[in-house]
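Try each task before reading its solution.

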Amino acid sequence: MCSWTLPARAFGVSRQKAISRDPVFQAIRRRAISTSQVSFSRLSKTGRTPPISGISSLQQLNAIKRTQTPAFFLSTTTTTSSTSPSVSVKSMGYVQDAVLEALQELFDPAEVARGAALAKLEKPKKKKKKKKQDNSGDSEDSSISEEEKKAIADMAAKEAKPFSIADTMVTLATRADFGDYQVNAAMGLAKSLGMNPRECASMIVEKIRPKIEDFMEEPEIAGPGFINLRFKPEYLTSVVEYMASDPAGRLGLPKVSKPQKIIIDYSSPNIAKEMHVGHLRSTIIGDTLSNLLSFSGHDVVRLNHVGDWGTQFGMLVEHLRDEYPAALSLETSQDVDLGDLVELYKAAKKRFDVDDEFKARAREGVVNLQAGNDEEIAAWQALCAASRVEYQKIYDMLGIKGLQERGESFYNPYLKDVVEDLESKGLAVESEGATAVFLEGYANRDGTPLPMLVRKSDGGFNYATTDLAAIRQRVEMTSEDGGERANRVLYVTDAGQAQHFDMVFSAAKMAGYVPEGSSLEHVPFGLVQGEDGKKFATRSGDTVRLKDLLNEAVRIAGDDLRARTENENVPDDVIDQVARIIGIGAVKYADLSMNRESNYRFSYERMLSLNGNTAPYMLYSYARICGIIRKASGQEVVGNIKWPEASKITITDDSEMELIRSIVRLPDILTEVEKDLYPNRLCDFLFETSQKFNKFYESCSVNNAESPEVKSSRLTLCTATAGTIRLVMNLLGIEVVEKM
Ligand code: ARG
């Protein structure tokens, strides 16, 4: 794990000391001090990432990351004179940290907890009364004596935890005229402490002012004690200048200060079965989350938890024994062409359902496979290999990279242990011949307790058992034992599996498999439906094959491009290439732009439309900005675009500032998605930014600007916008094209 970046906030003393001994830091510090009188925009004219001299490419940055301690975002921190320009991107995290420090200095969490507890004891009287009416049977007296109250309050004070980021209550401003951020902590604190809330707000303001005054206007206390914070225009323009100096890279955005190891379990189709639209959604969403988290600097492990184990392999293996005997030898099994696996599965299933002798053989087949018998293993491997070839075709079309296959079979050696462990802890019990875990709060429709099965009556293990074993391997086991020790595990599957994961996660916690500091998160998504809102299927009612679905999107995009007169002379292979980007991009974007939890209606027409929040619209916006830049700098349309050097931004129109305010939200959006895992926020952000760009472009001419300075300024805005679109589209797994 790398830990080379610095927190985008005032640095703690110990860390700062360590850093200040670092040679890279020394060099940067010298430079920062010597240039502290020079405005940042002049610095950025060098066309480099300003804070570190001589680092112009991502590769160079990465090289530094590997060999040295923190370098990137040092620039001007509290260590340099306060007049020096602030060039690091101050996202919400910075403000949260400043407020957190203020709370720590100003208030005692124990007193706050005591006050909150007392307030709670006063408040819920009404509720209590209601409750009492409901179960009038047991008449427990709800009035609490003063002594009891004091005891409860003392207890709350004793158990109070130190303030955390959540206590800072920093949010994006709810309205543009309130500024950029809001701090809402004062009201609650004042209530608990019996203070005047506006006074409490002004104490917080006093503390945070020195930390934010370089880049924020004087904080405003509004209403009952809201603190409104607004970026200074000079700061906003400097950030955009800064972003525009790295348009093809990461726009100068910092990485997280505390990288985590994050496992993302996604795609996960089942061997010898069709990969369906649910798996497509999982693949698209999982890939975007992986891209984003690794962009933020985390150590991301992308796992394809394929269904490659289980009783269905008994019948498949036995079917192969009869139909493809060569598949049962380890020497030849990899070369056998099994044809259409879906047909094969159907045929095997049919025999299993009608033929008792075959059924018995299939049962035996599973046992032999589990025992590691050569023939069965060979046949199983043949099935996995054939499926892998099919899935890979889809992954290639989608441009999915870095997804590592680690299927259910991987956890087979751990299953027995899991069940025994659960039994020894009294969590798993015998139930109708099987072994099950009964968890509080889970019931069947008829009210009877709902078991989570971990061992079938025939001794086989269940889906949940594998997931429990996987949890141990992912978060509990140390690396010496072959474990991953991840801080976060994300499971991207359809919402239909929510209960499964709920139960598995609770059981894992109860069994002590989840260490403090590790979190397990189900990332559910809704169904893909047809345009009519019904089941997604072909006209004849068959399931849609993913290959056909993707090819159709590319075909429509291609036909569209060919129908345009301006493309008459464009070579076929170029059209095909662009059509692929638009078609596949449209499928991805349509999926990602929806709140993932809702069902989504698949419509080629909508996703391929040039209007609205779609991939073609965003791709077109990007290409158009590239066109503007090329025209302004007299560049030919051949070859890759050459980005103009970032220059000082001069604001002449409101639309410019609006565009800037939109662009600088990017780091906060990324942080939000990192936390809540809703990729549609990225699409909303893109759409809003490109709308702001259009407004700007309508009101401000770039090529006929009033003066050369204004022209360079507007070109810098164009560059920052294009860089932002490109970056976010790439995170969504979509390439961009410079001309369309
Ligand atoms: N193979 C499963 C399916 O197709 C998805 C697996 C999800 N991951 C997991 N760890 N259970 O529904």
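**Exercise 1.** Find where the ligand lies relative to the domains of this predicted model.

Solution. Start with domain 3 (255-308 + 310-403), which gives residues to the shell around the ligand.

**Exercise 2.** List the residues around the ligand, then sort them by class.

Solution. Now sort the shell: 3 residues are nonpolar, 6 are polar and 2 are charged.

**Exercise 3.** Which side-chain or backbone atoms lie at a stated distance from a nitrogen atom of the ligand?

Solution. Take Tyr463: an N or O atom of the Tyr463 side chain is 2.7 Å from a ligand nitrogen. Ser268 uses its backbone, with an N or O atom 2.9 Å from a ligand nitrogen. For His305, a polar side-chain atom lies 3.5 Å from a ligand nitrogen.

**Exercise 4.** How much of the ligand's area does the protein bury?

Solution. Taken alone, the ligand exposes 350 Å². The protein buries 90% of that.

**Exercise 5.** Which pocket does the ligand take, and which elements give two or more residues to its shell?

Solution. The ligand takes the space of the second largest pocket. The elements are α19 (463-476) and β11 (488-494).

Note on methods: Residues are numbered from 1 along each chain as its sequence is written. This is a predicted model: local features need pLDDT of at least 70, side-chain atom pairs count only at pLDDT 80 or more; totals for chains, interfaces and linings use all residues. Side-chain values use heavy atoms; hydrogens and water are left out. A polar contact is a pair of N or O atoms within 3.5 Å; within protein, one must be able to donate a hydrogen and the other to accept it, and residues adjacent in sequence count only if both atoms are side-chain atoms. Accessible areas come from the Shrake-Rupley method with a 1.4 Å probe; for residues, only the protein chains shown count as cover. On a 1 Å grid over the protein atoms alone, a cavity is a set of points where a 1.4 Å probe fits but cannot get out, and a pocket is an open set with protein on both sides within 12 Å along at least five of seven lines; lining residues have an atom within 4 Å of a point. A molecule sits in a cavity or pocket if more than half of its atoms lie within 2 Å of its grid points. Helices (H or I, at least four residues) and strands (E, at least two) are DSSP runs, numbered from the N terminus. Ala, Val, Leu, Ile, Met, Phe, Trp, Tyr, Cys and Pro count as nonpolar, Asp, Glu, Lys and Arg as charged, and the others, Gly among them, as polar. Domain bounds come from an automatic or database domain assignment.
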